[in-house]
Amino acid sequence: MKGLLTQVRSYERSVQLLMVNQFTINLGFYMLMPYLAAHLSGTLGLAGWIVGLVLGVRNFSQQGMFLVGGTLADRLGYKPMIVAGCVLRTVGFATLGMVDSLAALIAASAATGLAGALFNPAVRAYLAADAGERRVEAFALFNVFYQAGILLGPLVGMVLTGVDFRVTCLVAAGIFALLSVVQIRALPARRAEDAERQEREGGQGVLAQWRGILANRPFLLFSLAMIGSYVLSFQVYLALPLEVRRLGGDGEFGTAAVAVLFAVSGLSTIVGQTRVTAWCKARYEPGQALVRGLAAMGLAFVPLLLATAVPVPESGIGLWLLAAVPPTLAALLLAVGTMIAYPFEMDTIVRLAGDRLVATHYGLYNTICGIGITVGNLGTGAALDAARAAGMPALPWITLCALGLACAAALYALHRTGRLAAPRACAPLPATA
């Protein structure tokens, strides 16, 4: 921990604050969101489809508005979008705990999603700009703070929700309100350098900028290839818990085993991220590290695949081990693959953007990957259902392994053809009437 703090202090104040901000953002978000569905269906007694609608609106408003949020960050500055997102999430979280009408719940859910679309691209673009040549190491540290918030948030939320879910909402809203004030007072103003140049040269329309990004073929190919990493990492929340409960049941053992999955994923990142990044950076080019990270994520499901060849005990310690050990190993390997890939992934986006309109590129990237997660999870769910119906428990794990290796092969091809390298210096942006 001392070494981690030393590394953090070696960066500018703005970078340090962004890392602490991300921890706080995830703390507030994850103390509330895991318990929202139970509140809507239990306390408020809403039908299942309404619960799905409220949760879906949040996801749709965030994924659908990432590109807009990134564009606004490049045009108006990173700090205003970060502050606006935190203020909006303050209002959204407080509203979720205070209302019970469907219209108000949908509006609050949409506000929390839009908040994420505003500050996520801005935070990453700001971090990339101020970290400079140390971007890879900065994003490694950023991921440590990110995962720490994910790990601690549900634990705090569990305690608060045990009192009252409204208390959870108000505390989460208070965290974002405090974060808003801190950022207004302490976060230096920062704008994209190309935004300032555009003002001097007469500016360029938003649609023209979007067309230019969509014409960036290496960036789009990279975004598509990286979808698999997000689909695979999401299985810590989908396929792995379902597998634990399929074998171990929904009782105390199943709940404890699922908690271990999350703990292994988060703690391994907190402990190992900076070491893994330093080791990879000393040995591999960014493209090589990305290939190895995706390959590791694909191979993460091999323990589950091998476990399908083992007869399932009817009860006892053998059943518990089979239910808990392979998914836990898979969660650990997924975390290792993510640790390898994530800092180089974030750095590659900046390089493929040519250091221009970075927040807009992050926004489009998040949208592409978000759509990919939705499609991938539908496919994973279909594979799980088909496996049960056909008596082929290996099917989903074969599918996920193949997805990871296919994405690793796509990244290898992009690396070998030089498409992951920084583009040549771009010509000045043309002025438009």
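1. Start with arginine 135. At 13% relative accessibility, this residue counts as buried, because the cut-off for buried is under 20%. The model is a predicted one, so read every value below as computed from that prediction.

2. Aspartate 347 is one of them: the pair forms a salt bridge, with the closest N and O atoms 2.7 Å apart. This pair joins distant parts of the chain. Arginine 135 sits in helix H7 (residues 135–163) and aspartate 347 in helix H16, 212 residues apart. Both partners are buried.

3. The side chain of arginine 135 also meets that of aspartate 355 in a salt bridge, at 3.6 Å from N to O. Again the link spans distant parts of the chain. Helix H7 holds arginine 135, while aspartate 355 is in the loop between H16 and H17, and 220 residues separate the two.

4. Aspartate 347 has a further partner in arginine 351. Their side chains form a salt bridge at 3.0 Å, N to O. Here the spacing is local: the two residues are four apart in helix H16, so about one helical turn separates them. Aspartate 347 is buried at 7% relative accessible area. Arginine 351 is buried too, at 17%.

5. Arg135, Asp347, Arg351 and Asp355 are linked in a network of salt bridges. Side chains of opposite charge can pair when their charged atoms come close. A search of the whole structure finds six salt bridges.

6. Check the backbone in the loop between H16 and H17. Most residues other than glycine have a negative phi. Aspartate 355, not a glycine, has a positive phi of about 60°. It is found between helix H16 (317–352) and helix H17 (358–390). Leucine 357 lies in the loop between H16 and H17 as well. Its phi is also positive, near 50°. Is leucine 357 buried or exposed? Leucine 357 is buried, with a relative accessible area of 8%.

7. How many disulfides does the structure hold? The number is zero. Cysteine 86 is in no disulfide, and the nearest cysteine sulfur, that of cysteine 169, is 17 Å away. Cysteine 86 counts as buried, at 0% relative accessibility. Cysteine 401 is likewise in no disulfide; its nearest cysteine sulfur belongs to cysteine 407, 13 Å away. Cysteine 401 is buried, with a relative accessible area of 10%.

8. Now the nonpolar packing. The largest nonpolar core has 91 residues. Within this core, Leu32, Phe93, Phe222, Tyr362 and Leu411 touch the most other members. Helix H6 (residues 102–131) gives the largest share, 12 residues. Where does this core lie relative to domain 1 and domain 2? Domain 1 (9–195) and domain 2 (204–418) both give residues to the core, so it lies between them.

9. Leucine 32 deserves a look on screen. Leaving aside neighbours within four places in sequence, leucine 32 is in contact with Phe93, Leu96, Phe165, Thr168, Cys169 and Ala172.

10. There is also a second, separate core, of 20 residues. Its members include Val244, Phe301, Ala331 and Cys401.

Notes. Residues numbered from 1 in each chain as written. Predicted model: local features only at pLDDT ≥ 70, side-chain atom pairs only at ≥ 80, totals over all residues. Heavy atoms only, no water. Buried < 20%, exposed > 50% of the residue type's maximum accessible area, 1.4 Å probe, protein only. Salt bridge = Lys/Arg side-chain N within 4 Å of Asp/Glu carboxyl O. Disulfide = S-S within 2.5 Å. Core = buried A, V, L, I, M, F, W, Y, C linked by side-chain atoms within 4.5 Å. Domains from an automatic or database assignment. Contact = heavy atoms within 4.5 Å.
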